[in-house]
Amino acid sequence: RRRSVPIVYVEWFPGRTKEQKVEVVKAITKAMVEIAKAPADATHVIFKETSPEDWACNGTLWADVHKK
């Protein structure tokens, strides 16, 4: 049987702390182990932080929609 190597990408805006990322990694890994039956030591989580100036929805940049 081949070993599963799941890769989970989390793309979000910058601003989370290292501690928050650690919690997210633990929660995602736990879910992959319990639900997908993936081995924890083969589960990869990759964070990609994208600036609101580089993200758009409905034809508008998030940076423009959510100006303070």
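## Salt bridges: worked exercises

K48 has 48% relative accessibility and counts as partly exposed, a class that lies between buried (under 20% relative accessible area) and exposed (over 50%), with a 1.4 Å probe and protein chains only. The model is predicted, so local features need pLDDT of at least 70 and side-chain atom pairs pLDDT 80 or more, while totals for chains, interfaces and linings use all residues. Residues are numbered from 1 along each chain as its sequence is written, and side-chain values use heavy atoms, with hydrogens and water left out.

**Exercise 1.** Find the salt-bridge partner of K48 and state which elements the pair ties together.

*Solution.* A salt bridge needs a side-chain nitrogen of Lys or Arg within 4 Å of a carboxyl oxygen of Asp or Glu. K48 meets E11 at 3.7 Å, N to O. E11 belongs to strand 1 (residues 7–12) and K48 to strand 2 (residues 44–49), so the bridge ties together parts 37 residues apart in sequence. Helices (H or I, at least four residues) and strands (E, at least two) are DSSP runs, numbered from the N terminus. E11 is partly exposed, at 43%.

**Exercise 2.** Locate the salt bridge of K21 and E49 in the chain.

*Solution.* Their side chains pair at 3.0 Å, N to O. K21 sits in helix 1 (residues 18–36) and E49 in strand 2, 28 residues apart, which links distant parts of the chain. Both K21, at 23%, and E49, at 37%, are partly exposed.
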